[in-house]
Each structure stands twice: as structure tokens, then as C-alpha cells.
Amino acid sequence: MRIGLAGVGRIGAFHARTLAALDDVDELVVTDADPRAAERVAAELRLLATGATGATGATEATRETREVGVRVVPDADALLASGVDGFVVATATPGHAPLLRQAVAAGVPVFCEKPVAATLKETIELAELAASSAVPIHVGFQRRFDAGYRRARAAVASGELGFVHTIRAGTHDQAPPHASYIPTSGGIFRDCNVHDFDILRFVTGREVATVYATGANKGAAFFAEAGDVDTGGALLTLDDGTIALISSTRYHGAGHDVRMEVHGEKGAIAVGLDHSLAMSSAEEGVDFPRGPRTWSFMERFLPAYRAELAAFAAVARGERPSPCTVRDALEAFRVAEACELSRAERRPVDMSEIEGIGGGA
Ligand SMILES: NC(=O)c1ccc[n+]([C@@H]2O[C@H](COP(=O)([O-])OP(=O)(O)OC[C@H]3O[C@@H](n4cnc5c(N)ncnc54)[C@H](O)[C@@H]3O)[C@@H](O)[C@H]2O)c1
């Protein structure tokens, strides 16, 4: 297959290496607003394909990199005109919506990093476009491909936990992204916790009913300058009465920490509770966790990122429907929107206050 890739920053360069390692992919067509970044990633892939050691970014993701053709093109027009079988959008968030529209107009199956758009209005428009089009769109919520979250989903669905009453989940990044990322990121709830909101729906099969959120800034000034917070907290009530406590921070120096605990009447299950846990026990004589820790989302979700792009190749070949639709992305984004409103107005927000498809919740 020939796969196009727009945007080769932090996640795009990582996706380039993952795509190049997929058996399905014969050629990558790459573009970036910064042509030097595209050339750099293309050069790195060519170097890795030769088996050279010491290439930048030669992580585990690249060990299996095969010899794929890599071509750099100036923009998305040239990329789509090159006859790609699928298009991966990994640009900064404001680029997602226009590129999605371009891909749909060209009839090319598209994988788009979360969030699909920077605003709720645009996300709703894209969900409506997706519903009226036969072109598959797969949104990049990789936790849906993580073995732990899938096991938790099965435990809820099978009834082995009894009724579920409480969920604790969080996304704690080891260190902040570069300062220029923050003003266009959409804020901590739309950028970071949106993953928790999506996986909460995936694991429980329920929708969020009400939200109460807050945030704090104790780190770098650039968060407050962008109207954002570096640490967030949200108390959600699901439509079956389950309570979910969600947290986020850009400062978790102990390591990258993404987890979910599901507590039920008959049992409890935890995702991410293994020896890589970025925390130490305060209890005497306890040697859990024994490490090593993970330090970034790339490390933490390496197998999940591989599985989601392999799934996208199958989506692009027409072998399966999208495992995460724009409608799914819209529902997670609406929860993030409610959190921002709650934080700004310091009050609980009912999801019926947040616009959805057809103008209502
Ligand atoms: N799924 C995940 O776990 C995950 C993790 C990180 C980032 N993301 C998402 O991926 C996106 C990119 O994040 P990042 O951390 O890689 O950002 P980044 O700032 O490191 O990289 C963005 C890249 O996109 C390029 N770019 C910007 N606008 C463009 C356009 N219109 N056309 C072509 N190239 C363009 C920039 O030059 C840059 O190279 C964001 O939307 C982010 O929310 C998802």
C-alpha cells in the first residue's frame, strides 16, 4: 500500500516509523508545513531501512523497519494526487479539519490524530460530513487497542465486576510538551483528558451525564498565558449513575502515568498497574513496582500504536469499519468542552448544555 502522512512532529515522526514497519506498507508519501522536518524524517527512514545503527529515533518501533519507498511532497494536494491508498493526518490540531475535508473530497480513507478539530462547531460539522460520506475515517484514540483497557472492557461487559460504581482514571505526562504546542492544543481537557473520556465510553459502554471540573497552575507560566492549566481534575457522573474521577497533569516527574481503575460490586480491575508504575509504595517491605518505568506516551502505548495503524491499513483496504469514528471523537470532545465550561464558570455542567449532532445533546 501507498500511505500518505501529513505532519511529522512528535507523534507524526513516530507514526512514520511505525507505518514503515508494517508489512502492508510499501511506500510512504510525506509532507509537513516545515519541509526540513519532512526531509529529516524521510532521511531517517531510509537510513533505518538500510539497518544502520545510531539513526535518530531508532527505538523499538523501528527495529523491524523494512525497505519502504519514502517520498517527500510539498503539500497535501501533491500527496493526495500521488494516488495514496490511505492518508494519516498527524499535523498540529488546527490542520486536522481542513485535511480531513480534503481527504474525504478525494475519496481517500483517512486516519486522523485526536482531536479531529480544535472547536466543537467544527467537530460537529465533521461528524455530519462523515455520516453523509462513504469514505472511512479512523480517529487516533490508541487506548482502544491497548490490551489492558480491552481486558477492563470485557470485565465490565461480562458482569464479573457486578455493578460498577466508581472509576478512577488519569493521564499524567512526565514533562510538558514544547511551549508553542500549548496555545493551539485546545487545553488540557481537550488535548489530554480527551483520551480518558474516549476510553471511559469504550470500557463502560455508557455516556457522561454531568461534569464538574477544575484546574491549577503550579508549573511554567506559558500554560496560564494560553488560558490553560497544567493540572486538571474532573468529577463525572455517567448515565447509569457511575462516578468517574479523572485527573491530568503535565508534570509527573516519576514517569509517564496513564491508568484506569474500575471498582464494582463484586470485583475491581486496574489498567496500567504493573511493574512500570510511575510511583513508589509508602509501605515498608513492599518492592512493587520493580520497574523499569515508561517516560512517554510512545513507550507506554507502543503496541497499541502499532495495532491501531495496522487496523487503519485494514480500514483503508475496506476489510473492516472504522474502530473509532468521528462520532466517537465528537462525544469525547463534548465531555472535554463541558469540563472547560465547568472550569471557567466554576459550576457543574449537564451534558444537555453542550451542543451535539442535530443541535442537541
Ligand atoms: N494519540 C496520541 O497519543 C497523541 C500524542 C501526541 C499528539 N497527538 C496529537 O497529534 C497532533 C500532533 O501533535 P505533535 O505533538 O506531534 O505536535 P508537533 O507540534 O510536535 O508536530 C506537529 C507537526 O505538524 C506540522 N504541521 C502543522 N500544521 C501543518 C499543516 N497544515 N500541514 C502539514 N504539516 C503541518 C508542524 O510543522 C509539525 O512538524 C496533535 O493534534 C496532538 O493532539 C496525539
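**View 1. The shell around the ligand, by class.** The shell around the ligand has nine nonpolar, nine polar and six charged residues. Here Ala, Val, Leu, Ile, Met, Phe, Trp, Tyr, Cys and Pro count as nonpolar, Asp, Glu, Lys and Arg as charged, and the others, Gly among them, as polar. In total, 24 residues surround the ligand. The closest are Arg10, Ile11, Asp32, Thr93 and Tyr305. A residue is near a molecule if one of its heavy atoms lies within 4 Å of it. This is a predicted model: local features need pLDDT of at least 70, side-chain atom pairs count only at pLDDT 80 or more, and totals for chains, interfaces and linings use all residues. Residues are numbered from 1 along each chain as its sequence is written, and side-chain values use heavy atoms, with hydrogens and water left out.

View 2. A polar contact is a pair of N or O atoms within 3.5 Å. Arginine 10 places a polar side-chain atom 2.7 Å from an oxygen atom of the ligand. Isoleucine 11 uses its backbone: an N or O atom there lies 2.9 Å from a ligand oxygen atom. At glycine 140, a polar backbone atom is 3.5 Å from a nitrogen atom of the ligand. On its own, the ligand has 850 Å² of accessible area, and the protein covers 83% of it. Such areas come from the Shrake-Rupley method with a 1.4 Å probe.

View 3. The ligand sits in the largest pocket. A pocket, on a 1 Å grid over the protein atoms alone, is an open set of points where a 1.4 Å probe fits, with protein on both sides within 12 Å along at least five of seven lines. To sit there, more than half of a molecule's atoms must lie within 2 Å of the grid points. Helix H1 (10-20) and helix H7 (188-204) are the elements that give two or more residues to the shell around the ligand. Helices are DSSP runs (H or I) of at least four residues, and strands (E) of at least two.

**View 4. Two cis peptide bonds in a loop.** Most peptide bonds are trans. The bond from phenylalanine 288 to proline 289 is cis, with omega near -5°. Proline 289 lies in the loop between strand S12 (268-271) and helix H9 (297-300). The bond from glycine 291 to proline 292 is also cis, with omega near 0°.

Conventions. A polar contact is a pair of N or O atoms within 3.5 Å; within protein, one must be able to donate a hydrogen and the other to accept it, and residues adjacent in sequence count only if both atoms are side-chain atoms. On a 1 Å grid over the protein atoms alone, a cavity is a set of points where a 1.4 Å probe fits but cannot get out, and a pocket is an open set with protein on both sides within 12 Å along at least five of seven lines; lining residues have an atom within 4 Å of a point.
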